[in-house]
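Trainee: Please take one part of this model and go through it closely. After that, carry on to the other parts you have notes on.

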Amino acid sequence: MNKYLKVDDWCIIEEGFDPKNHRSSESIFSLGNGRMGQRANFEEKYSGNTLQGTYIGGVYYTDKTRVGWWKNGYPEYFAKVLNAPYWNGIYVEINNEQLDLGVCKVRDFTRILNMKEGYLERSFIAIMPNGNEVKVNARRFISMANKEIAAIRYALTPLNFSGDILFTSSIDGDIINEDANYNEKFWDVLETDALNGEAYLRSQTKKTNFQVGVGIKYAITLGGNEYPVLEDETIIDQNYVANKVSVFVEKGKQVCFYKYIAVLSSMNHNVSDLLPNAKILVNDACSKGFDTLLEEHRLVWKEIWEHSDIVIEGDVEAQQGIRFNIFQLKQTYTGDDARLNIGPKGFTGEKYGGSTYWDTEAYCVPFYLSTADAKVTRNLLIYRYKQLDKAIENGQKLGFTDGAALYPMVTMNGEECHNEWEITFEEIHRNGAIAYAIYRYINYTGDDFYLEEYGLEVLTAIARFWAQRATFSEARKKYVILGVTGPNEYENNVNNNWYTNKIATWCMKYAIECLEKVKSRSTDRFLELVEKLKLDYKAETRKWQEIIDQMYFPEEKELGIFLQQDGYMDKEQILAADLNPEIRPLNQHWSWDRILRSCFIKQADVLQGIYFFEKEYDDACIKRNFDFYESRTVHESSLSPCVHSILAARIGDMTKAYNLYLRTARLDLDDYNKEAHEGLHITSMAGTWMSIVEGFGGMRIKEGILSFQPAIPESWKSYSFKVMYRKNILNVRVQHGKVIIFNEEGGVMELAVYGKKYKIVENSKIEI
Ligand code: BGC
C-alpha cells in the first residue's frame, strides 16, 4: 500500500512533490474523454522518472510477438494502443535554464484532479538552480463536449525577478511505447508545419496505417490583458514542430499561456482532411477561449454525474473511492462508437496493450447498463458481433469446425493477441462471458429482439465451440472439459474447472432457449439464420442438450462445496490469512511453479460462477463456498475483491463486504498491489460500482422486476445511487433502518424491496 493522497469528496489531491510517487500520480491523475486520453505528465520539461503517455482510442500497432519458445497457434502480433504524438509540452526557459521539477527546489506543490468538473490542476513554486523563483498554476482538460479538443492554461508568475520567459509549445511525433517488443518506433511522421501561433503534425502508424493529425494554437495574456504576438519563432523538424515565444514579465505579474489542441484520426476523417480540419478546430477552440470550452466540458460532466453519482455519507474515503472509479470509467468509454472498447488500463498506461478482455463483458456491462443509455452497452455487444468471423477463424486455427467461435482472450480487431499458451489456448471461459453479456443486456433492457438482429449468431457460434471442446469420458460416463485455465490464473492446464464447465453448459442452454424463442416468434428470420449459419437445428441442439445433461461438475461432498477443479483438495490447504504479509503479493515474491502448486487463488473462480448463477443456489450453499474460497484467495487480480464483496453482502457478512469494497474502490488510490505506476485498473472499477449497487444495494432483476435487498455498512450514515432501468430513472437511498426510492422519470414502475412488490408513480417515492 502507498497512501499519499488526501481524502476529499470530489477531488484527488496530492500535496508536496515526491518524485517517487510521480509515475503513480501520472496514472491516477490521468484525463480522457472516451476518444483519447493522457497520463498526467507535466507540461514543462521533466528530467525525472516519467512515463509519457498520450493515447487515441482504436489507434493501435501490431507489435510482432516476442516469446521465449514459440508454440504453434500463437498469434503473430500483440496489438497495442499506441503512445501517440505528444501535444502536452509547454517548455519554459528562463535565463537559458529550463524549468524542470527534476532539478528545481519545489515548494507548495499541489496536484488536484477535480472529478466533478473533469480537469487537472497543478500548482507549485519552483526555485530554479539559477535562483529564479516562479509560481505556476497549470490547468488542463480533454473535452467531453468536443471529443477532438483539449486545452491547457499555464499561468506563471516570476516571484523574485523581472525577465524574459521563453515558452516553447510543441507537438512531438518522435514517440516510443515503453512496452515495444523490439524497441521499434511505431510511427512515421508524414507532415509538419508551423506558422505564427500555430503548428501541425501528421503521423502514420507503421503496418496498421492509421493516421493522426494534431494541431496546436496558443494565446497569451499578461497581467490579465491579451498579449498579441506579431511573430514567434517556428521550429519545423522532421518529427517535431513548435512555436517559441518570449514574453517579458515583471516581478509579481502573471503571464498565462493558453494552448489549444486538436487531435483527429483517420478513423473519423479522410487523411487529406486531417490537418485542414485540425486547423479549423483549433482556431474555433482558440476563439471560444479556455473558459467557454471548460464550461461546455463541465456541463457534460454535470449531466454524467446527474445519472451516475453515488453519494456516501459518513465515510469520505469510500466516497472518494467510488467517485474516482466512476470518473475513470466514464473517461475511458462513452459508448458512442462501436469500434471502441474498454482496455483494462484505459488511457492511463501501456500494460495490457489497451485491448479488449473478458473484463468488459464480465465486469463493465452492469455499470454501463445502469448509468447510461442502453445503446452504450449495445455498442459493446455489437463490437463483439462484428468480430464474430474472426472468432470463428480463431476457432478454426485451433482445430474447431462448423462455425464454432472462440473469442480471443485479448484483442483489438477480433484477432487473438495473447501469447502465453495457458491463457491463449486454455483460458476459454472468456467465451462464456460474451454470451452472458448478451443475456445481461436482454434481461436488463428487455430488448430481446437483439437476438434476431445480432445475438443469436454469436450465441450459436459459442455453443458450437463448447459442444466441440467438451469430450466424453468413458471412465466417468460424463462429459468433461480438459486442459483449461479458469478465471483463477494461478492454476493452469487443469481438468474440469468447475466454473468453465458451468459457463459452458449455461451457454448451450441459453443458446437453445434463444433459438427456440426466435423460432417461435420470427419464423422467417429463424429460417434465414438457419441458412446463414448452416445450422442443423435438431441435431445440433440435441447434442448440446446431451452435453448439458451429462456434464461433470467436481464437488467436495464432505464440505458441501463445488471443487475448483479435479484434484484441488490434493493441495496443501493453507489460508491466505496465514501468509506472511511480507511475501505478498505472491506474484512478486514466489516463483511461478510455487504459485501453481499452492492452493492460493488469484481471483474469484468458483465464486465467479456463484455470482453469475446465484439464483440456482441457496444461502447455505453460497456461504459454504464463499467461506472456503474467500479464505484461500489472495486477490492479486483487481477483478477479484468486487465479486467477493458482492457475495459477502449477499450472505450478510457486511464487515467483510465493506473491507473488500474499500480494497476495490481504493485499489489504485492506495496502491494495494503496488502497480499504480503502470496505469489504473479501469475494468475492475466497474466492479466497485457493482459492489455498492449489487452488493450493498442488493439490486437484481427477478422475473423482469428490478429488486433490491439493501444493507448498509455500519460506519456509513447513508448511501444513494441512481439507476436507469428501461424507461425509468430511480434514486435509491439507504439509511440505517430506512430505504427511500424515488421514481424520477419514466411513468409508474413496479419493483420489489426485500421481496415485497411496490408500484411507484413518477415523481413520487416509497419509504420502507
Ligand atoms: C486477470 C484476468 C484479466 C486481466 C486483465 C489478469 O490479471 O487474471 O482475468 O482479464 O488481468 O484485466
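Mentor: Thr541 is buried, since its relative accessible area is 11% and the cut-off for that class is under 20%. Keep in mind that the model is a predicted one. Thr541 belongs to helix H13, which covers residues 537–549. Its side chain comes within 3.3 Å of the backbone oxygen of Lys538. If residues up to four places away in sequence are not counted, Thr541 touches Ile512, Leu515 and Asp536.

Setting aside neighbours within four places in sequence, the contacts of Ser47 are Asp100, Gly102 and Val103. With Asp100, the side chain of Ser47 makes a polar contact of 2.7 Å. These two residues are 53 positions apart in sequence, while their C-alpha atoms are 6.7 Å apart in space.

Next comes the ligand. The residues around the ligand are Pro344, Tyr352, Tyr357, Trp358, Asp359, Glu489, Lys602, Gln603, Ser637 and Leu639. By class, this shell holds 5 nonpolar, 2 polar and 3 charged residues. For Gln603, a side-chain N or O atom is 2.5 Å from a ligand oxygen. For Lys602, the distance from a polar side-chain atom to an oxygen of the ligand is 2.8 Å. For Tyr352, an N or O atom of the side chain lies 3.4 Å from a ligand oxygen. On its own the ligand has 310 Å² of accessible area, and the protein covers 92% of that.

Last, the domains. The domain assignment of the chain gives domain 1 as residues 11–306, and domain 2 as two segments, 312–356 and 667–768. Between the C-alpha centres of domain 1 and domain 2 the distance is 32 Å. Contact between the two involves 42 residues of domain 1 and 32 residues of domain 2.

Technical notes. Residues are numbered from 1 along each chain as its sequence is written. This is a predicted model: local features need pLDDT of at least 70, side-chain atom pairs count only at pLDDT 80 or more; totals for chains, interfaces and linings use all residues. Side-chain values use heavy atoms; hydrogens and water are left out. A residue is near a molecule or strand if one of its heavy atoms lies within 4 Å of it. A polar contact is a pair of N or O atoms within 3.5 Å; within protein, one must be able to donate a hydrogen and the other to accept it, and residues adjacent in sequence count only if both atoms are side-chain atoms. Accessible areas come from the Shrake-Rupley method with a 1.4 Å probe; for residues, only the protein chains shown count as cover. Ala, Val, Leu, Ile, Met, Phe, Trp, Tyr, Cys and Pro count as nonpolar, Asp, Glu, Lys and Arg as charged, and the others, Gly among them, as polar. Contact means heavy atoms within 4.5 Å. Domain bounds come from an automatic or database domain assignment. Helices (H or I, at least four residues) and strands (E, at least two) are DSSP runs, numbered from the N terminus. Buried means under 20% relative accessible area, exposed over 50%, partly exposed in between (1.4 Å probe, protein chains only).
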